[in-house]
Amino acid sequence: MYRALTWWFMAQEIDTTDPALVAARAAEPSIEVSTDPDAPWTRVNGRDVSADIRTEEVSAQVSVVARVPAVREHLIAGQRAIIAAADPGVVAEGRDIGTVVAPAAQLKVFLTADPGARARRRAAELSADAGETEAAQARRDRLDAAQSEKAADALLLDATDLTLDEVIDTITRLARERGASLFLPEGAELVGLPGQGQEDQGSWAWAGDNSC
């Protein structure tokens, strides 16, 4: 959602370095995200921007937008509404999902990886230079440090040497151990390795109940 809002600011040619302007216009666009693992998408004012928000241009500006308090307040409310409406629950990801957005989640996983591994994955996905990608990644880590803390009750999962399937299997097992009725269809894109189009590092949380 932060990337989607950043993309909208850029499309509207709004100066993302002006926190007062960003705060004043943060609630203007309608941002929607799919909770269907078989049909993931992100829309801004009805337009599918799933690919647009993953560009290096958006990556370079999203941290600046995300640091504006009014932006965080607005989007956190939106994330909580999505989680509350999900039945029986949802797997959510983000740097502060486990600490701020869904602190009462049944399962919190702090997913991380070696900076070099993260950079190589992102560079391969974008056909970019790994060195430049790692430098940009380090900058984002510094800017997002305040939102990237591990929750005290989160389980640390280092994905440096894990495949995507191994990450899915591990989180699925952990969810079942916590009593969550988590169903992952084959090939579902509920999780991604750090650097693979998802948050570079941060929390994954299963928020819901175990009633079904």
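**Figure 1. Strand S5 is covered on both faces.** Leu107, Val109 and Leu111 on one side of S5, and Lys108, Phe110 and Thr112 on the other, are all buried (buried: under 20% relative accessible area, exposed: over 50%, partly exposed: in between, with a 1.4 Å probe and protein chains only). Helices (H or I, at least four residues) and strands (E, at least two) are DSSP runs, numbered from the N terminus. S5 and strand S6 (residues 155-158) run parallel and are joined by 4 bridges; two strands pair if DSSP finds at least two bridges between them. The bridge partner of Val109 in S6 is Leu155. This is a predicted model, in which local features need pLDDT of at least 70 and side-chain atom pairs count only at pLDDT 80 or more, while totals for chains, interfaces and linings use all residues. Residues are numbered from 1 along each chain as its sequence is written, and side-chain values use heavy atoms, with hydrogens and water left out.

**Figure 2. An open sheet is formed by 3 strands.** The strand order is S1-S2-S3, with antiparallel pairing. Strands S1 (31-33) and S3 (47-48) are the edge strands, each pairing on one side only. Strands of a sheet pair through backbone hydrogen bonds, either parallel or antiparallel. Between S2 (residues 42-44) and S3, the antiparallel pairing runs over 2 bridges. Arg43 has Asp48 as its bridge partner in S3. Helix H1 (residues 2-11) packs on this sheet and touches S1, S2 and S3. The direction of H1 makes about 35° with that of S2. Axes are lines fitted to C-alpha atoms, for helices over the stretch in contact, and angles run from 0 to 180 degrees between N-to-C directions.

**Figure 3. Thr42 is a buried residue of strand S2.** The relative accessible area of Thr42 is 12%, which means that the residue counts as buried. Apart from neighbours within four places in sequence, Thr42 is in contact with Ala4, Glu32, Val33, Arg47, Asp48, Val49, Ser50 and Ile53 (contact: heavy atoms within 4.5 Å).

**Figure 4. Asn45 and Glu13 are loop residues with positive phi.** Most residues other than glycine have a negative phi, and most peptide bonds are trans. Asn45 lies in the loop between S2 and S3, and its phi is near 50°. With a relative accessible area of 49%, Asn45 is partly exposed. Glu13 belongs to the loop between H1 and helix H2 (19-25). The phi of Glu13 is about 55°. Glu13 counts as exposed because its relative accessibility is 74%.

**Figure 5. Helix H1 crosses helix H3 at roughly 105°.** Two packed helices are described by the angle between their axes and the distance between the axes. The axes of H1 and H3 come within 9 Å. H1 is therefore roughly perpendicular to H3 (angles under 35 degrees count as roughly parallel, over 145 as roughly antiparallel, 65 to 115 as roughly perpendicular and the rest as oblique). On the H1 side, Tyr2, Arg3, Leu5, Thr6, Trp7, Phe9 and Met10 take part in the contact. They meet Glu57, Val58, Ser59, Gln61, Val62, Val65 and Ala66 of H3. By class, the residues of this contact are 9 nonpolar, 3 polar and 2 charged. Ala, Val, Leu, Ile, Met, Phe, Trp, Tyr, Cys and Pro count as nonpolar, Asp, Glu, Lys and Arg as charged, and the others, Gly among them, as polar.

**Figure 6. Ala66 is a buried residue in helix H3.** H3 spans residues 56-66. The relative accessibility of Ala66 is 8%, so the residue counts as buried. Beyond neighbours within four places in sequence, Ala66 is in contact with Tyr2, Val71 and Arg72. Thr16 is 50 residues from Ala66 in sequence, and their C-alpha atoms are 10.0 Å apart in space.

**Figure 7. Helices H3 and H7 pack at an angle of about 10°.** H7 covers residues 130-143, and the two axes are 9 Å apart. H3 and H7 are therefore roughly parallel to each other. Ser59, Ala60, Val62, Ser63 and Val64 of H3 meet Arg139, Arg140 and Leu143 of H7. The contact comprises 4 nonpolar, 2 polar and 2 charged residues.
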